[in-house]
Amino acid sequence: MSKILSGTEHHEAAASHHEQAAWHHREASRNYAEKDYAHAAHQALVAHGHTQQAIRHGNEATKYHVEHHGKSLPL
C-alpha cells in the first residue's frame with residue numbers, strides 16, 4: 001500500500017533519492033578506479049534507479065503544485 005505524498009514530501013523524497021544516487025555514483029567511480037568493473041556496473045545501475053525515482057518524485061511535486069496553486073509561476 002503506497003502513501004499519498006504532499007508536494008513537500010515529494011520534494012523531500014526527490015532530494016533523498018538524488019543524494020543516494022550521488023553516493024552510488026561515487027562508489028561506482030571508486031570501484032572502476034580499482035578495476036572492479038562488476039561492482040562499478042552494479043553501483044551505476046543502482047544510481048540510475050535512484051535517479052529515476054528522484055525524477056518521478058520531482059514530477060509528482062510539480063503536479064501537486066500546479067493542482068493546488070494554479071499554473072501561474074512568479075516572475
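Me: Let us take buried to mean under 20% relative accessible area and exposed to mean over 50%. On that basis, does A14 count as buried or exposed?
Reply: This is a predicted model, and in it A14 has a relative accessibility of 8%. That value is under 20%, so A14 counts as buried.

Me: Where is A14 found?
Reply: A14 is found in helix α1.

Me: And which residues is it in contact with, leaving aside neighbours within four places in sequence?
Reply: With those neighbours set aside, A14 is in contact with A54, H57 and G58.

Me: What is the contact made of, by class?
Reply: The contact of α1 with α2 has 14 nonpolar residues, 16 polar residues and two charged residues.

Me: Moving along α1 to N31, is that residue buried or exposed?
Reply: N31, which is also found in helix α1, counts as buried because its relative accessibility is 6%.

Me: What does N31 touch, not counting residues up to four places away in sequence?
Reply: On that count N31 touches D36, H39, A40 and Q43.

Me: How far apart are A14 and N31?
Reply: Their C-alpha atoms are 26 Å apart in space, and the two residues are 17 residues apart in sequence.

Me: Now the other helix. Where is H50 found, and is it buried or exposed?
Reply: H50 is found in helix α2. H50 counts as buried because its relative accessibility is 15%.

Me: What does the side chain of H50 make a polar contact with?
Reply: The side chain of H50 makes a polar contact with the side chain of Q20, at 3.3 Å.

Me: Which residues is H50 in contact with, leaving aside neighbours within four places in sequence?
Reply: The list for H50 consists of H17, Q20, A21 and H24.

Me: Back to α1 for W23. How accessible is it?
Reply: W23 lies in helix α1 and counts as partly exposed, because its relative accessibility is 42%.

Me: What separates the C-alpha atoms of W23 and Q43?
Reply: The C-alpha atoms of W23 and Q43 are separated by 9.1 Å, although the residues are 20 residues apart along the chain. Q43 is also one of the residues that N31 touches.

Me: And E19, buried or exposed?
Reply: E19 lies in helix α1 and counts as exposed, because its relative accessibility is 58%.

Me: How far is E19 from T51?
Reply: E19 and T51 are 9.2 Å apart, C-alpha to C-alpha, and 32 residues apart in sequence.

Me: Last topic, K35. Where is it found, and what is its phi?
Reply: K35 is found in the loop between α1 and α2. Its phi is near 60°, a positive value in a residue other than glycine.

Me: Is K35 buried or exposed?
Reply: K35 is exposed, because its relative accessible area is 62% and the cut-off for exposed is over 50%.

Notes
Residues numbered from 1 in each chain as written. Predicted model: local features only at pLDDT ≥ 70, side-chain atom pairs only at ≥ 80, totals over all residues. Heavy atoms only, no water. Nonpolar A, V, L, I, M, F, W, Y, C, P; charged D, E, K, R; others polar. Helix = DSSP H or I, 4+ residues; strand = E, 2+ residues; numbered from the N terminus. Buried < 20%, exposed > 50% of the residue type's maximum accessible area, 1.4 Å probe, protein only. Polar contact = N/O pair within 3.5 Å; in protein donor to acceptor, adjacent residues only side chain to side chain. Contact = heavy atoms within 4.5 Å.
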